[in-house]
Amino acid sequence: MATLDETPAAKRWLPLEANPDVMNQFLWGLGVPDTEAECYDVYGFDQELLEMVPKPVLAVLFLYPITSQSEEERMLQANEIKEPHGKVYFMKQTVGNACGTIGLLHAVANITSEIKLNDGSFLDKFYKSTASMDPLERARYLENDREMEVAHSIAATAGETEVR
C-alpha cells in the first residue's frame, strides 16, 4: 500500500526558482529579518569556492534533479528512513513543486535558536501553530494555508525562469 508521500500530490504549486534573490525576498516577506539570515549560492565544494560563502552558515539547501533512478532508490528506502526525533522540525511534502518552500521552512525552523523572527510574522505564527504537530499534520496545515500559497506563488513568479 502506498503512503501519502508516494502518491502524486493533489495540490501543485509553481516551482520556486533556486535563486538566492528570490528566496531572500520570500523569506524576508514571511518574517525573517534581512539582518538575521540571507541565502547565497554555493558554486562548488572546493575550499576556495567554499571560502566565498559568508559565515556563519546556518543551513544548506541541496538541490538536485529528480530522475527515475533517484525515485526508484527513494521508493526502495522508504521503509528504512525514520523521521527525525527530538528538536528537529520536519514536515512531509504533500504539495507538488513545493520542495523549495519546504526546504526553506525546514531550514528556518531549525535555526530559530540562532535567529529572531519578526514577532507576529507569518513564520512566527506558522511555527508556533505547528510546533506540537507531527510531520503529516504540518503538511496538511501548509496545504490549507492560503497565505503561504499566495506568498509562494508571488515568489515563484519573481525569478528569471519562465513559469510554465
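This is a predicted model: local features need pLDDT of at least 70, side-chain atom pairs count only at pLDDT 80 or more; totals for chains, interfaces and linings use all residues.

Colleague: OK, where does Thr101 lie?

Modeller: Thr101 is in helix α4, residues 99-109. Helices here are DSSP runs (H or I, at least four residues), numbered from the N terminus.

Colleague: Is Thr101 buried or exposed?

Modeller: Thr101 counts as buried because its relative accessibility is 0%. Buried means under 20% relative accessible area, exposed is over 50%, and partly exposed is in between, with a 1.4 Å probe and protein chains only.

Colleague: And what does Thr101 touch?

Modeller: Not counting residues up to four places away in sequence, Thr101 touches Trp13, Leu16, Phe26, Met148 and His152. Contact means heavy atoms within 4.5 Å.

Colleague: What about His106, buried or exposed?

Modeller: His106 also lies in helix α4, and with a relative accessible area of 17% it is buried. Leaving aside neighbours within four places in sequence, His106 is in contact with Tyr89, Phe90 and Met91.

Colleague: Now the packing. At what angle do α1 and α4 pack?

Modeller: Helix α1 (residues 20-30) and α4 pack at about 60°, with their axes 12 Å apart. The axes are lines fitted to C-alpha atoms, for helices over the stretch in contact, and angles run from 0 to 180 degrees between N-to-C directions. α1 and α4 are therefore oblique to each other. For the cut-offs, under 35 degrees is roughly parallel, over 145 roughly antiparallel, 65 to 115 roughly perpendicular, and the rest oblique.

Colleague: Which residues meet there, between α1 and α4?

Modeller: On the α1 side, Met23, Phe26 and Leu27 meet Thr101, Leu104 and Val108 of α4. The crossing of α1 past α4 is right-handed. Right-handed means the near helix is turned clockwise from the far one by less than a right angle, and left-handed means anticlockwise.

Colleague: How do α1 and α7 cross?

Modeller: Their axes come within 10 Å and cross at roughly 155°, and that makes α1 roughly antiparallel to α7. Val22, Phe26 and Leu30 of α1 make the contact with Met148, Ala151, His152 and Ala155 of α7. The crossing of α1 and α7 is right-handed.

Colleague: Switching to α5, which residues are buried there?

Modeller: In α5, the buried ones are Phe122, Leu123, Asp124, Phe126, Tyr127 and Thr130. Their cover includes α1, α4, α6 (135-143) and α7 (146-156).

Colleague: And Lys125, buried or partly exposed?

Modeller: Lys125 lies in α5 and counts as partly exposed because its relative accessibility is 46%.

Colleague: How do α5 and α6 cross?

Modeller: The axes of α5 and α6 come within 10 Å and cross at roughly 140°, which makes α5 oblique to α6. Phe126, Ser129 and Thr130 of α5 make the contact with Arg138, Tyr141 and Leu142 of α6.

Colleague: How many aromatic pairs are there?

Modeller: The structure holds five aromatic pairs. One of them is Phe122 and Phe126, which is stacked because the ring centres are 5.6 Å apart and the planes are at 25°. Rings of Phe, Tyr and Trp (its six-membered ring) pair if their centres lie within 6.5 Å, and planes under 30 degrees apart count as stacked, over 60 as edge-to-face and the rest as tilted.

Colleague: Where do Phe122 and Phe126 lie?

Modeller: Both are in helix α5 (residues 122-130), four residues apart, about one turn of the helix. Together with Tyr89, Tyr127 and Tyr141, Phe122 and Phe126 form one aromatic cluster.

Colleague: What lies over the face of Tyr89?

Modeller: That would be Arg138, at 3.9 Å from the ring centre. A charge sits over a ring if NZ of Lys or CZ of Arg is within 6 Å of the ring centre and within 35 degrees of the ring normal.

Colleague: Last one: where is Gly31 found?

Modeller: Gly31 is in the loop between α1 and α2 (47-50), and it counts as buried because its relative accessibility is 2%. Leaving aside neighbours within four places in sequence, Gly31 is in contact with Leu117, Asn118 and Ser121.

Definitions and conventions:
Residues are numbered from 1 along each chain as its sequence is written. Side-chain values use heavy atoms; hydrogens and water are left out. Helices (H or I, at least four residues) and strands (E, at least two) are DSSP runs, numbered from the N terminus.
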